[in-house]
Amino acid sequence: MGTITYKQSGVDIDEGNRAVNLIKQKVKSTYNKNVIGDLGNFSGIYSLKGFLNMKEPVLLSSTDGVGTKLKIAQIMGIHNTVGIDLVAMCVNDLICQGAKPLFFLDYIATGKLKAEKIDDIISGIVKGCSDAQVALIGGETAEMPGMYDEEEYDLAGFSVGICDKEKIITGDLIREGDILIGISSSGVHSNGYSLIRKMFLEKLNWNLNKYIDEFGKTLGETLLTPTKIYVSLVMDLLHKYNIKGIANITGGGLIENIPRIIPENLGVKINKNSWDELDVFKVIRDLDLVEESDLYRSFNMGIGIVLVVDKEDVDEILRFICMKDKAYIIGEVINNKGVILC
């Protein structure tokens, strides 16, 4: 009957090795003095010596993916931005509890491994790690014929951060009358893409290469705008000000994510006209295909991170953020459970 090679079964070890050679220097560019060892070890090693001054150092972790935004990237053949999204989805969660992200690991699964495509994906991950000031200390690329079509791939990420236990942000100090500050998003980020595809590609039958005047670019290019990484800005804020709560506006939008950090007996009132509406959300709203409540439950609607701060600190914090990004007073904490949009 003859012998069968691994390559004949659909797994090309040589192509995997070629991918590693392509990405090796990019990955090393994210290393800092805390990284021990080299790419290719069976595990990544990271020293915590630099944090021994903390009273009680605590590790926090986060894992996530990019969701069906990957379908847009695969249709467009653009693979060098979704890695930024992958990092952002993890590190933006870590900072919500005051953790400084330390390192990142990735997992890539694909039907057929193509070294140049992997190189593109890793380039985005490296860019995200650089923006978040984290080291990419490990990862896995799995070629899985039979599980995925040849052009398909999926991504998952994992990140670890550190915080002094007494400085972990829990939301317990939030009180009625505290103010919500919203920091702008870069676009849709990485949530709501199943609804996006249902609207644009199925209901309206738009092509991703369709040029949209309001965007100044194609629909596909707009939808692939990378998720904004807020690590540097939030770390600076935490060093200077008392931030009572931080919410990353991901799946569930403003309606579902803000209550996660609010004490159970309280709620929030949000003025939905208090920030500049991004063009992508204006177009989605004008299509009138989705109920308004679902828009605010499915998308970030232009606000990527929400801070809860004391009323007395608002002006100073707002001025500080606006030197680096766009931010708005979007609402307040109220003595009534739930989220009120007004």
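Reader: In which sense do strand β4 and β5 pair, and over how many bridges?

Author: Strands of a sheet pair through backbone hydrogen bonds, in either a parallel or an antiparallel manner. In this predicted model, strand β4 (residues 100-110) pairs with β5 in the parallel sense, over eight bridges. Within β5, Ala135 is the bridge partner of Phe103.

Reader: Which helix packs on the sheet, and which strands does that helix touch?

Author: Helix α4 (residues 115-132) packs on the sheet and touches β4, β5 and β6 (153-164). The direction of helix α4 makes about 165° with that of β4.

Reader: In what order do the four strands of the open sheet stand?

Author: The order is β3-β6-β4-β5, and the pairing is mixed. Because β3 (57-65) and β5 (135-143) stand at the edges with a single partner strand each, one side of each is left without a neighbour in the sheet. From one strand to the next, the twist averages 15°.

Reader: How many cavities of 30 Å³ or more does a search of the whole structure find?

Author: Rolling a probe the size of a water molecule over the atoms shows where empty space is left. Here the search finds one cavity of 30 Å³ or more, and the volume of the largest cavity is about 40 Å³.

Reader: Which residues line the largest cavity, and where does the cavity lie?

Author: Among the lining residues are Ala88, Met89, Asn92, His189 and Thr227. Helix α3 (residues 82-94) supplies the largest share, three residues. The lining divides into three nonpolar, seven polar and no charged residues. Domain 1 (6-167) and domain 2 (178-341) both contribute to the lining, so the largest cavity lies between them.

Methods: Residues numbered from 1 in each chain as written. Predicted model: local features only at pLDDT ≥ 70, side-chain atom pairs only at ≥ 80, totals over all residues. Heavy atoms only, no water. 1 Å grid on protein atoms, 1.4 Å probe; cavity = no way out; pocket = protein on both sides within 12 Å on 5 of 7 lines; lining within 4 Å. Points joined across faces, edges and corners; volume = space filled by probe spheres on them. Helix = DSSP H or I, 4+ residues; strand = E, 2+ residues; numbered from the N terminus. Nonpolar A, V, L, I, M, F, W, Y, C, P; charged D, E, K, R; others polar. Domains from an automatic or database assignment. Pairing = 2+ DSSP bridges. Axes fitted to C-alpha atoms, helices over the stretch in contact; angles between N-to-C directions. Contact = heavy atoms within 4.5 Å.
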